[in-house]
Structure formats: structure tokens, C-alpha cells
Amino acid sequence: RGFACIGGNMSSIPPLIDSEILDAVGQIHDLKTSYEDFSSEFKELLKYPFNLWLLEKIVTSPQPAPELTGIRSEVQLLSLFWNHRVSGDPDGDKREFLLTRATRALVEQRSLSVRKELLLEMDQWGVLGQLLSNGVIAESSLSGQRIQYAHNILFDYAVSVLLIEEDPTSFSEFISQDRARPFFLLPSLVYHL
């Protein structure tokens, strides 16, 4: 078992073997029977614990369970997670607004955590609580003063959907604002493209 590159980041967790994957999906709302219908690409993705975590968060969200047999890429899986845990209900716009502010601050500071008070107005504490309970962000210090994405892959994906625009001119301007961005944000650029 070798090490895996997930979303452009080296992972020190070796890929799971088939029996471990079957045990894991059996514990996620008994998806063991559905597993046989998953695409070979999706089964390959599920060899990595983070992707199993995404799957668990998708199927345990309050929204109706999506069709999973068509998943063939990491971006599709991340998109489903995003829809089920961030944007897919009436409060989704509020959560995306707060995450856009947080993600922009993280990129501008070249950091993976940001102080809460830089992001929040008094009426946004409920939105922050939703994002924490949905597993999108986490407190990054014992004092609870800083927040970060729950996983660096979620940060990379958030940059790709919240900050990088489709328009080529805007894309170019975003990248050229800081010479370090093409390196710091490489996984985000890959997700976007």
C-alpha cells in the first residue's frame, strides 16, 4: 500500500483495501448494497478516508440522499458535499457569504486559519454554528478565537467555487494579484479548471 495524492496534497494515510472500504460503507447508512452499483472511479476514490468522510456527511445530511452511482470524480463528490452541507437549502446563501469572506481573508493572509471577529457581525453567529456542526469549518485553537476549514481539501475546493470566477479576465486578475497564488492555490486552480 502506497501513499496517495488527494486534491494535490500528499496524504500520509495509505489507501484502504476493499474489505476496509466495505466495512466503512456498511456503517454509513448501510450503503454496502449500493456499493456494488458505484462506478469503478468512485470505488477508487473511496480508498481514501477523507472521501469516505465526505460520503458520510452527504448521506447523513437533512436533505434527501442523492443518486451516488454516477459519481466518477473527486470534484463531483466535493460538489455533492458542498450542496448538502453548504449551499443546498434556504440558508445556503448566508453560509456561502460567510465562507466567501473567510476564504478571501485566508487567501489574502496566506493562512489556513482566521480570527472569528474579522468575519462575523452579530447576526451571523447562527450561520457560523451551522457551518461548524455541518463539518465544513472547525475551531483551530483551544480558545476558539480562530476558525479554519475542517480539511485543507475543503479550503482548496472553496477557493475554486467561491473566489475564482469563470471569466478569463477575472481569473487572470485573481491569479496575478499575488505571485504566490499559483503555488499556494494550485489545488484550487486544478479543481476550478
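This section describes the overall fold and the aromatic contacts of a predicted model.

The protein contains eleven helices and five strands. Its radius of gyration is 17 Å, close to the 16 Å that the globule rule gives for 193 residues, so the protein is as compact as a globular protein of that length. Along the principal axes, the C-alpha atoms occupy a box of roughly 45 × 35 × 35 Å. Of the 193 residues, 46% are buried. Among contacts between residues at least 6 apart in sequence, 59% join residues at least 24 apart.

Aromatic side chains were examined next. A pair of aromatic rings is described by the distance of the centres and the angle of the planes. With ring centres required to lie within 6.5 Å, the count comes to eight aromatic pairs. One of the pairs is formed by Tyr157 and Tyr191, whose ring centres are 6.1 Å apart and whose planes meet at 70°; an angle over 60 degrees counts as edge-to-face, so this pair is assigned to that class. Tyr157 belongs to helix α8 (residues 152-163) and Tyr191 to helix α11 (residues 186-192), and the pair thus links distant parts of the chain, 34 residues apart. Both tyrosines, Tyr157 and Tyr191, are buried.

Elsewhere, Tyr35, Phe38 and Phe42 form one aromatic cluster. The ring of Tyr35 also lies under the charged end of Lys43, which sits over the ring at 5.1 Å from its centre. A further contact of this kind involves Arg181, whose charged end sits over the ring of Phe174, 4.5 Å from the ring centre.

Notes
Residues are numbered from 1 along each chain as its sequence is written. This is a predicted model: local features need pLDDT of at least 70, side-chain atom pairs count only at pLDDT 80 or more; totals for chains, interfaces and linings use all residues. Side-chain values use heavy atoms; hydrogens and water are left out. Rings of Phe, Tyr and Trp (its six-membered ring) pair if their centres lie within 6.5 Å; planes under 30 degrees apart count as stacked, over 60 as edge-to-face and the rest as tilted. Helices (H or I, at least four residues) and strands (E, at least two) are DSSP runs, numbered from the N terminus. Buried means under 20% relative accessible area, exposed over 50%, partly exposed in between (1.4 Å probe, protein chains only). A charge sits over a ring if NZ of Lys or CZ of Arg is within 6 Å of the ring centre and within 35 degrees of the ring normal. The radius of gyration is taken over C-alpha atoms; the globule rule is 2.2 Å times the number of residues to the power 0.38. Contact means heavy atoms within 4.5 Å.
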